[in-house]
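Let's take a walk through a protein model together, one piece at a time. Keep the sequence and the 3D view side by side as you read.

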Amino acid sequence: MAFQGSSFVALVTRTQRLDRVVIRFAGDSGDGMQLTGDRFASETSAFGNDLSTLPNFPAEIRAPAGTLPGVSSFQLHFADHDILTPGDAPNVLVAMNPAALKANLADLPRGAEIIVNTDEFTKRALTKVGYPADPLTDGSLEAYHLHKVPLTTLTLEALRDSGLSRKDAERSKNMFALGLLSWMYHRPTHGTENFLRHKFAEKPDIAEANIAALRAGWNFGETTEDFAVSYEISPAALPAGTYRNITGNLALSYGLLAAAQRSGLSLFLGSYPITPASDILHELSKHKNFGIRTFQAEDEIAGIGAALGAGFGGALGVTTTSGPGVALKSETIGLAVSLELPLLVINIQRGGPSTGLPTKTEQADLLQAMFGRNGEAPVPIVAPATPAECFSMALEAAQIALTYRTPVLLLSDGYLANGSEPWRIPDIDELPHLTAEFATEPNHTLDDGSEVFQPYKRDPQTLARPWAVPGTPGLEHRIGGIEKQDGTGNISYDPANHDFMVRTRQAKIDGITVPNIEVDDPTGQASILVVGWGSTYGPITAAVRQVRADGGHVAKAHLRHLNPFPANLGAVLAGYTKVIVPEMNLGQLALLLRAKYLVDAQSYNQVRGMPFTATQLADVLWATIGTLGEGDNAR
């Protein structure tokens with residue numbers, strides 16, 4: 001129901017039930033698209049839907065307004081069932097200007113809905129992105145459901161009495177768009193209103209203006225005749241528990257914090273800001289009450305040096321970075337291998353080489369993690385598969401580092417770091433208890449019966465050396481990068497000792513206990529095995545589901561431990577005729593599998609700064625099924 005002028009108007013809006021939808025918000029990097037998408041995702045998570053998000057923004061802090069390189073977007077896929085990816089193509093595009101429309105139009109399927117801010121479709125703005133004519137009137141968008149909404153004008157009208165300048169009031173147009181989309185999909189908005197009041201607590205007039213724009217957008221949807229249908233997506237049937245929406249970087253931060261608490265150690269983060277890892281430094285700096293100490297170093301080398309020093313002092317040392325930073329840290333990682341001290345090196349991968357694509361995703365640092373140090377310097381490598389899994393893999397990395405006295409590399413990437421999904425908050429009792437044992441007394445008896453401390457006398461099960469905190473009486477010992485004598489830790493240039501120490505350090509890493517890889521092959525009839533690692537989990541799993549739904553037989557397995565590999569991996573690979581390895585690199589895992597297991601692993605690669613789509617991988621699987629001539633199993 002709505003009042004229009006002096007006459008009473010009854011607007012009847014039909015509600016259509018959907019099982020899933022993909023929405024993309026797009027505009028200039030200054031239009032607040034990331035905030036808009038994040039708030040829609042938070043409300044959707046609170047509503048109970050499963051969801052997956054894909055933020056996509058330029059590397060520049062403020063890219064040129066109205067240009068194609070300056071377009072920032074946020075894609076959200078939410079559903080009433082378990083989903084794994086942010087969606088292959090948007091069902092709805094919210095375009096704040098011509099650049100946003102042009103940059104994203106090719107991704108839309110026929111029949112998709114487009115909501116455009118008509119106020120920005122000026123002749124100058126159209127010319128800037130190469131439109132010879134206005135696409136809103138030239139018929140080029142006839143394949144889509146086009147909604148022309150003067151978002152800027154409507155926002156200014158809603159804030160006419162706010163007392164804000166036109167420039168400040170106009171900035172709230174993203175909240176108007178959020179309110180409209182919230183009405184369309186029956187999303188709650190009270191969480192966003194509370195968020196805005198908290199965010200702008202020192203500027204209440206700005207907070208209330210944004211809230212007024214949010215409500216105006218909702219009311220516009222409810223009263224306009226242009227939107228005759230609203231949509232309802234029921235909550236998903238998720239396992240029982242308390243959920244929150246979480247990004248990969250936030251989950252990693254909480255995982256590191258939990259590792260410190262479960263180990264009883266203080267956590268020291270030595271870090272230099274770098275995209276896309278900086279959020280971890282920002283988050284952990286908020287938690288001094290948990291004994292977290294953060295150090296923003298002057299460069300990457302100082303950051304890891306301080307973290308390793310903290311490890312020597314008895315803390316859980318952590319450093320965060322991306323690929324370029326790992327290159328600078330490599331010498332100190334090698335030092336940590338030689339010192340045999342726990343250290344966590346978090347690499348949030350991005351497009352490379354060099355500066356590369358700072359805000360785009362890639363997983364091309366696997367070989368760097370495996371071999372990017374001088375000499376024989378083996379390091380365990382773990383990789384989370386989803387944003388929420390970043391929490392548990394941070395705990396896993398800490399457990400390995402503490403148990404085996406070694407640096408550990410954790411490989412996440414920009415897709416996981418910035419993407420989000422619902423995360424069930426675990427009970428404290430569900431978390432592993434991390435043991436951090438320090439040497440407190442001498443551990444070796446000499447021939448004359450005197451007791452001494454030998455810093456490189458190893459645990460016979462783990463081959464870990466004792467961890468002695470500096471200042472512990474009687475446990476004084478020497479550390480440094482020069483080769484150590486077995487047991488005593490004295491400087492040694494003896495060839496036989498060096499050979500022994502190199503082999504022992506390798507054996508320690510090879511002997512790390514990791515879970516067997518699990519194979520998902522429900523029928524047991526598959527000839528094809530898809531092997532992935534890291535963030536390819538979602539697209540691979542979604543593609544396998546599509547193929548199976550259409551009658552194909554495909555098995556999948558996902559690696560979370562990349563050094564050492566699971567003990568059963570060789571047998572698993574040997575059990576299938578074809579092994580396909582999709583990666584966002586040029587075949588790095590496939591190279592390792594071929595070298596270690598002599599299996600004909602076939603690469604499927606992409607380095608476009610974007611994740612795979614499920615349809616893309618499903619087509620690859622069907623093509624492979626066709627080459628095997630499996631009759632009914634071929635589409």
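Start at valine 581, which touches Val531, Leu589, Ala590, Leu593, Ala601, Gln602, Ser603, Tyr604 and Asn605, leaving out residues up to four places away in sequence. Contact here means heavy atoms within 4.5 Å. Valine 581 sits in strand β25 (residues 578-583); helices (H or I, at least four residues) and strands (E, at least two) are DSSP runs, numbered from the N terminus. With a relative accessible area of 0%, valine 581 is buried, a word that stands for under 20% relative accessible area, while exposed is over 50% and partly exposed lies in between (1.4 Å probe, protein chains only).

Before going further, a word on how to read these values. This is a predicted model, in which local features need pLDDT of at least 70 and side-chain atom pairs count only at pLDDT 80 or more, while totals for chains, interfaces and linings use all residues. Residues are numbered from 1 along each chain as its sequence is written, and side-chain values use heavy atoms, with hydrogens and water left out. The protein chain averages a pLDDT (the predictor's confidence in each residue, from 0 to 100) of 95, and 97% of the residues score at least 70. Residues 1-10 are another matter: pLDDT stays under 50 there.

One of the residues touching valine 581 is Leu589. Leucine 589 has its own contacts beyond four places in sequence, among them Leu366, Trp533, Leu559 and Phe565. Leu589, Leu593 and Leu344 have the most contacts inside the largest nonpolar core, which has 88 residues. Such a core is a set of buried Ala, Val, Leu, Ile, Met, Phe, Trp, Tyr and Cys residues joined through side-chain atoms within 4.5 Å. Helix α14 (residues 389-404) gives the largest share of this core, eleven residues. A second, separate core of 35 residues includes Ile115, Leu196, Phe227 and Ile233. In soluble globular proteins, nonpolar side chains tend to be buried together.

Now find strand β14 (residues 316-321): all six of its six residues are buried, so the strand is largely enclosed by the rest of the structure. Leu316, Val318 and Thr320 point one way, and Gly317, Thr319 and Thr321 the other. Which strands lie beside it? Strand β12 (residues 267-271) runs parallel to β14, joined by three bridges, and strand β15 (residues 343-349) is also parallel to β14, with four bridges. Two strands pair if DSSP finds at least two bridges between them. In the second pairing, valine 318 has leucine 344 as its bridge partner. β14, helix α12 (residues 323-339) and β15 form a right-handed β-α-β unit: with the strands pointing away from the viewer, the path from the first strand over the helix to the second runs clockwise.

Strand β23 (residues 554-559) also has six of its six residues buried. Six bridges join β23 to the parallel strand β22 (residues 528-533), and glycine 532 has histidine 558 as its bridge partner. The chain crosses from β22 through helix α17 (residues 537-549) to β23 in a right-handed β-α-β crossover. On the antiparallel side, two bridges join strand β21 (residues 519-520) to β23.

Finally, turn to helix α4 (residues 151-158), where Leu151, Thr152, Thr155 and Leu156 are buried. They cover an arc of only 130° around the axis, which puts them on the same side of α4; the arc is that of the directions from the helix axis to the C-beta atoms.
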